[in-house]
Structures are given as structure tokens and as C-alpha cells.
Amino acid sequence: MNILQINTSARRLQDNGQGSHSTRLANELVAALRERQPAAQLDVLDLGQQSLPELDEATLQALFTPAEQRSEAQAARVAQDMALIEQVKAQDVLVLAVPMINFGIPTQLKHWIDAIAKAGVTFRYTANGPEGLLSGKKVYIVLTRGGIYRDQPADTMVPYLKTVLGFLGMTDLHFIYAEGLAMGPDAEARGLAGAREQIAALFQAEAQPA
């Protein structure tokens, strides 16, 4: 098993456990995965510390310029995106650590999505409609939010992630919710405990015989 953990928080997870809740919970989820699959290989992409460039005009020009006509800078820019795509293709499991920022996903994660969503590479248009080319992967998505948004109209994160990841062929999605983290110490503790219970229940269910 190959696992890619993608941390998207702008906050680091400190050695004392303080800092990013989403990274901490994603670490715990990955640890549970590796406990079940000791030989699993882990690759970590920390977008909070390794920021990706935005999809700007220069990038679009590079993408739409034929490969043999690209400048050295344009070729390097396209190669950066292709390396991220190859990284995803090599994985069996993705673990996304995603805090809510102003009712949406972090900019860091959006830049990653823009980098890997490539027509003819990770999706294609067919006579029957679009087809995602990154199928066969299991994706765990750890969501951390200051308030309570699960199943509420204000939750734009889950519908967006289901749509965009599904468009790329990743439809085996499992969401873990840690909510109320900015509503006081007691609510924070409940939110983190609830997320850990969801992780435990998820792996317990997967361990049950079919």
C-alpha cells in the first residue's frame, strides 16, 4: 500500500501537540492505517510549508504552449504540475487534512487541485461525458472547523470536494469531521474526541467481513 498524506493547514503541528488540528488528526489516521498495513509506504506533502504557485496567466500560457515550443521557465512550470500528478497516480490511499478557512477549503489545497486537474491526463471528455482517470484510490478527508457545519447549507467544503475529486475519478471518499473547535475548550475536546471516534469506527467497519 502506498499512502499520500496531504497537509493543507498554514499552521504547523508543533512537537508538543499544539498547532494544526487537521494535521494531528491526519497523522493519527495514517498511524491507524499503517498499524493495519505495516509495510505501507508513506509520502507526506505539506502544502503549508511547501506552497504551490497559483494558476495565473503565465501558467496558462505554459500549459497551452506545445511542449516543443515552451521556454525553459514554461517547461519547468509544467513539469512541477506533472510531478504532483505522478505522485498521486502512484498512491493507493490519500489522506487529506483540510481545515475550514472562511467557509471553504484552504488556498493551499485549491492550488494543488488546480495543479493536478489536467484534461487528457487526470480526466478526459468522452462521448458519454467526462471520465476521471484517477480511479481506484481510497481517500480519507479530515475536516476541521471552528463551528458546526456538518450537513448544513453553510458547508461548501464537502459538496465541492465530492464534485472535484469525483470528477478526477476518486469516488471512494470517507469524511471525518472535527467541529466546534473554536467554541471553547470543552467543545474543542468534544470535537477532537468525536473525530477520533469516527476514525476508530471507520476502521472497525472496514475490518468486518463482507
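Predicted model: local features only at pLDDT ≥ 70, side-chain atom pairs only at ≥ 80, totals over all residues.
Strands here are DSSP runs of E with at least two residues, and helices are H or I runs of at least four, both numbered from the N terminus.

Strand β1 covers residues 2–7. β1 pairs with β2 (residues 41–46) in the parallel sense, over six bridges, and with β3 (residues 93–99), again parallel, over five bridges. Pairing takes at least two DSSP bridges between the strands.

## How enclosed is β1?

Five of the six β1 residues are buried, so the strand is largely enclosed by the rest of the structure. Buried is under 20% relative accessible area, exposed is over 50%, and partly exposed is in between, using a 1.4 Å probe and protein chains only.

## S20 in the loop

S20 lies in the loop between β1 and α1 (21–36). S20 is buried too, with a relative accessible area of 1%.

The S20 side chain makes a polar contact of 3.2 Å with that of S22 and one of 3.0 Å with that of T23. A polar contact is an N or O pair within 3.5 Å; within protein, one atom must be able to donate a hydrogen and the other to accept it, and residues adjacent in sequence count only if both atoms are side-chain atoms. Setting aside neighbours within four places in sequence, S20 is in contact (heavy atoms within 4.5 Å) with S9, R11, R12 and L13.

## Ground rules

Residues are numbered from 1 along each chain as its sequence is written, and side-chain values use heavy atoms, leaving out hydrogens and water. Local features need pLDDT of at least 70 and side-chain atom pairs count only at pLDDT 80 or more, while totals for chains, interfaces and linings use all residues.
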